[in-house]
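Welcome, and please open your viewer. We will go from stop to stop, and at each one you will hear what to select and what to look for.

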Amino acid sequence: MKVISAVLLLAVFWSQEWKSVLSDSIIHIGAIFDESARKDDEVFRLAVADLNLNNEILETEKITISVEFVDGNNPFQAVQEACELMNRGILALVSSIGCMSAGSLQTLANAMHIPHLFIQRSPAGTPRSVCQPTSRIPGSDDYTLMVRPPVYLNDVIMTVVSEYSWQKFILFYDSDFDIRGIEDFLDRTSQQGMDVSLQKVESNINMMITSLFRTMRVEELHRYRDTLRRAVLFMSPATAKAFITEVVETNLVAFDCHWILINEEITDYDLQELVLKSIGRLTVVRQTFPMPQNTTQRCVKHNHRINTSLCDPKNPRSQQLEISNRYIYDTVLLLANTFHRKLEDRKWHSMASLSCIRKNSKPWQGGKSMLDTVKKFGVSGLTSFLEFTENGSNPNIFFEILGTNYGEDRGRGVSRLAMWDPVHGLNGTLTDRKLENNMRGVVLRVVTVLEEPFVMVSENVLGKPKKYQGFSIDVLDALSNYLGFKYEIYVAPDHKYGSMQADGQWNGLMGELVFKRADVGLSALTITPERESVVDFTTRYMDYSVGVLLRKAERTVDMFACLAPFDLSLWACIAGTVLLIGILVYLLNWLNPPRLPMGSVSSTTLYNSMWFVYGSFVQQGGEVPYTTLATRMMMGFWWMFALIVISSYTANLAAFLTISRIENSIQSLQDLSKQIELPYGTVLDSAVYDQVRSKAMNPFERDPMYSQMWRMMNRTGGGENNVEESKDGIRKVKSGRFGFVWDTAVLEYVANNDEDCSFYTVSSSAPDRGYGIAMQHGSPYRDIFSQRILELQQNGDMDILKLKWWPKDSPCDLYSSVQTRQHGNALDIHSFAGVFCVLAAGVVLSCLIAMVESWWSRRKGSRVPSKETQADGPSARQAADPCPHGPNEHPLALGGQSQNQAANTTNTTAPTATHYQPPACCDIPCALIVQHSYEPTNPSELAPKMRMTTFTTSPPTPRTIRKSTWSTYTGGLTACAPRMRAPTSSSPPLPSI
């Protein structure tokens with residue numbers, strides 16, 4: 001009986017122990033989900049079913065679950081349902097709710113020592129925000145584990161924006177997004193000087209867009225379009241799809257926009273729809289999970305198998321999985337793995353039901369051990385690898401950055417651009433390689449306006465496209481050769497640069513860009529604030545300044561330019577001085593007659609005095625010897641006066657004939673604005689016209705110079721002095737008195753290439769703007785073009801292009817107001833025409849005087865004798881002509897000797913003089929012909945005999961010639977001047993003494 005009793009007792013004990021183990025093998029897990037998280041509940045139940053069917057992790061253990069749904073914004077309800085689950089004896093709590101209710105559950109879990117695996121869920125699929133930490137007792141353990149990794153959206157978007165080098169963009173967020181989640185991002189952008197605008201997207205997007213069109217003016221709408229070029233979207237995929245569709249259909253964005261959508265909860269299906277609805281460039285940032293490419297490796301992990309419908313990427317169910325669904329599945333795997341390890345270690349602690357209401361309720365004793373086991377081990381699942389750090393967070397998170405290229409085609413392909421994780425940061429590049437290094441295949445439509453020398457037609461063949469040349473065309477060709485794109489160019493329909501009309505629309509070249517009919521605008525297009533509000537500009541490739549084109553003064557032909565050094569009054573004073581000094585010299589000689597030397601042929605008549613003063617004035621000397629002190633004193637000062645006058649005349653004449661630049665009254669824009677005699681204007685509704693008007697009318701930048709210019713240009717409403725095109729202004733300057741205000745570069749080219757060099761330019765001192773290439777708002781080519789333009793400027797290629805159209809060795813002087821050449825001017829016939837005229841007049845006058853003198857001499861010398869005289873014979877003729885000498889007679893008086901005696905006289909070594917008294921019979925002045933002959937006394941001196949003949953109207957006075965090296969002196973022959981004849985062979989020899 002004792003043995004039977006013992007066996008029965010053992011059997012009862014064994015049965016009780018089996019029941020205990022069996023009861024402990026039932027694992028109870030509680031779950032609280034948001035009411036909108038029905039899909040989380042579905043995946044949660046699927047994970048539990050997979051574990052209960054397969055014995056890979058749990059062999060004999062089974063998992064039971066209790067699920068409750070709560071309002072995510074009602075923390076009290078969440079706590080109430082959690083207490084109910086704890087009363088049922090759960091070993092762990094899984095929640096998929098928002099931050100507000102999670103905080104209350106965290107406090108409850110810490111109090112009851114129940115491991116709480118929290119999966120953060122954002123409302124309506126909006127991007128997550130950081131949950132505010134819940135206060136807890138210092139030193140106590142935190143039983144809440146964050147299954148989803150921390151929010152790194154601020155770090156990721158900051159990296160992406162910096163990589164794209166954005167400095168100005170707008171950030172859109174939907175109404176369900178907690179904007180406090182991007183406070184850190186906004187602070188960092190502000191520190192880096194980025195211009196970020198914020199706009200909330202209402203639930204009724206159509207009404208929001210309609211209100212924009214209704215409340216904004218045209219200019220504000222253009223600025224808003226400019227803002228939409230770069231945008232970051234913090235919103236759910238559904239809201240993003242609706243918003244993109246609306247702005248595209250309302251033409252608020254074009255193909256040149258670039259938007260970034262960031263949200264962890266973006267599925268492949270959402271991505272396809274977003275790309276299909278958008279235009280331009282789209283970048284998507286979403287969370288990704290590194291998985292093996294092999295499907296078998298995806299679904300089979302270390303010690304368990306994952307449901308094929310969830311791990312196969314080709315399965316439709318897998319494609320529609322949300323991020324929270326994946327974490328729900330892996331959480332169940334992690335808890336099952338933890339329970340299995342606890343059973344193997346025989347450290348299982350059963351838990352009775354807990355009550356949250358009782359004050360003396362004690363927490364679960366095995367909660368700490370369970371929490372440590374969950375933190376210690378991880379599990380591979382749908383989220384790659386799930387594990388926790390000491391602070392209860394999941395460190396494993398990866399973001400992939402997907403993007404499309406620019407284009408108008410919808411349904412473009414999406415490619416992965418880069419990866420990001422908290423440890424390594426950005427892995428890859430976001431630069432659009434297609435646009436930076438190779439634009440081959442891209443054809444740009446270029447609109448232009450003809451403006452020399454920027455854009456000109458080089459070839460216009462009928463039936464073929466026009467070919468263009470110019471400085472801007474050279475710049476565009478340089479960009480095309482480097483980037484590889486091609487272009488089609490056409491001229492703006494109205495041949496204007498464009499301005500805003502009364503209805504708010506732009507015309508001309510600007511209108512072609514605003515209305516998306518052209519991709520690029522190219523010409524002498526200046527960068528202005530008004531234009532920048534509707535289009536984009538590259539960096540300036542040439543400086544711009546305002547100048548004025550004027551016609552050079554005509555150089556008139558002055559035949560008497562030689563008289564220009566002295567004024568007419570000075571010439572009159574000089575002529576009067578010559579007459580006055582001549583008269584004074586004559587009077588001084590008349591009052592005190594000078595003693596004339598022997599052989600002198602001069603006399604102190606008034607005529608000779610005038611001639612002597614004039615000859616000395618023109619530095620030709622004189623013949624009248626003045627011996628009186630008064631006359632010599634007078635002539636000394638006169639010669640000094642003549643020297644100064646002639647020297648001054650010579651210097652001034654040289655300066656006058658060599659100076660080629662004559663100062664003009666208009667040498668700057670200030671000079672132009674101060675005068676009113678010369679009208680001037682510019683092209684109506686051009687950038688120059690707007691600049692002058694702005695600086696004249698705007699009270700904040702009013703300039704007196706531009707105010708005066710505006711009054712002249714706006715005379716009679718601007719139609720009188722302004723023109724429609726620049727060619728009209730240049731033609732107007734060429735034809736008459738007019739000043740054309742325009743771009744200095746254009747005016748310098750026109751002045752350089754004028755055939756007559758008839759233009760000169762005046763410009764402002766410093767450039768305040770520049771020429772740029774215009775593009776549509778948000779064009780992807782702007783930054784690339786600007787970078788290449790800077791490279792052309794740095795390596796000197798831009799200067800080479802400029803020298804082609806503005807050469808330094810121009811044949812015309814751009815800054816001289818008269819028609820001159822850069823080389824030295826040779827004196828032409830016009831400069832000395834007056835001198836030749838004076839000489840010709842002198843020759844003609846001399847010939848006339850010679851003819852009159854000849855006639856007068858013949859009349860006086862050919863008087864015919866009367867009949868009474870002829871009848872009286874020779875005696876009567878002698879009475880009529882008391883001079884006894886005939887035409888061939890040469891009476892001599894050699895110191896009382898006759899002619900024959902003189903002929904026989906030999907030369908002596910001592911020179912003597914011959915005295916002659918003219919006969920009184922001559923009634924006209926007689927001339928004494930004295931011939932002097934000198935011979936050297938030294939026979940060794942072989943110098944030839946020298947002779948000199950002197951004519952004088954006075955007989956020579958006796959003089960003594962000292963003995964010297966001269967041996968002979970001969971002379972002496974007189975005859976009446978009218979009767980003199982040239983010596984012949986039959987003439988008597990000269991007497992010798």
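**Before you start**

This is a predicted model, in which local features need pLDDT of at least 70 and side-chain atom pairs count only at pLDDT 80 or more, while totals for chains, interfaces and linings use all residues. Residues are numbered from 1 along each chain as its sequence is written, and side-chain values use heavy atoms, with hydrogens and water left out. Helices (H or I, at least four residues) and strands (E, at least two) are DSSP runs, numbered from the N terminus.

**Stop 1: a sheet of 8 strands**

Select the strands E7-E6-E8-E9-E10-E13-E14-E15, given here in their order in an open sheet with mixed pairing. Two strands pair if DSSP finds at least two bridges between them. At the edges you will find E7 (195-201) and E15 (425-428); each has a single partner strand, so one side of each is left without a neighbour in the sheet. On average, and ignoring direction, neighbouring strands here are turned by 20 degrees against each other.

Now pick E9 (residues 258-262) and E10, a parallel pair joined over 5 bridges. Trp259 has Leu282 in E10 as its bridge partner. Contact means heavy atoms within 4.5 Å.

**Stop 2: a sheet of 5 strands**

Next, select E19-E16-E20-E28-E21, the order of another open sheet with mixed pairing. Its edges are E19 (486-491) and E21 (536-537), each with a single partner strand, so one side of each has no neighbour in the sheet. E16 runs parallel to E19, joined by 6 bridges, and Val447 stands opposite Tyr490 in E19. E16 is also parallel to E20, with 3 bridges; there Val446 has Val520 as its bridge partner. E20 (residues 520-522) and E28 (residues 774-775), by contrast, pair in the antiparallel sense over 2 bridges, and Gly521 stands opposite Ala774. Lying across E16 (443-448), E19 and E20 is helix H17 (residues 471-483), at about 160 degrees to E19.

**Stop 3: aromatic rings**

How many aromatic pairs does the structure hold? There are 25. Rings of Phe, Tyr and Trp (its six-membered ring) pair if their centres lie within 6.5 Å; planes under 30 degrees apart count as stacked, over 60 as edge-to-face and the rest as tilted. Zoom in on Phe289 and Tyr327, an edge-to-face pair with 5.9 Å centre to centre and 75 degrees between the planes. Phe289 is in the loop between E10 (281-288) and helix H11 (295-299) and Tyr327 is in helix H14 (residues 323-344), so the pair ties together parts 38 residues apart in sequence. For a cluster, select Phe454, Phe471, Tyr541, Tyr544, Tyr771 and Trp806.

**Stop 4: helix H4**

Finally, show H4 (residues 99-112), whose 14 residues should span 20 Å at 1.5 Å a residue; its end C-alpha atoms are 20 Å apart, which agrees. The expected span is 1.5 Å times one less than the number of residues.

Notes
Axes fitted to C-alpha atoms, helices over the stretch in contact; angles between N-to-C directions.
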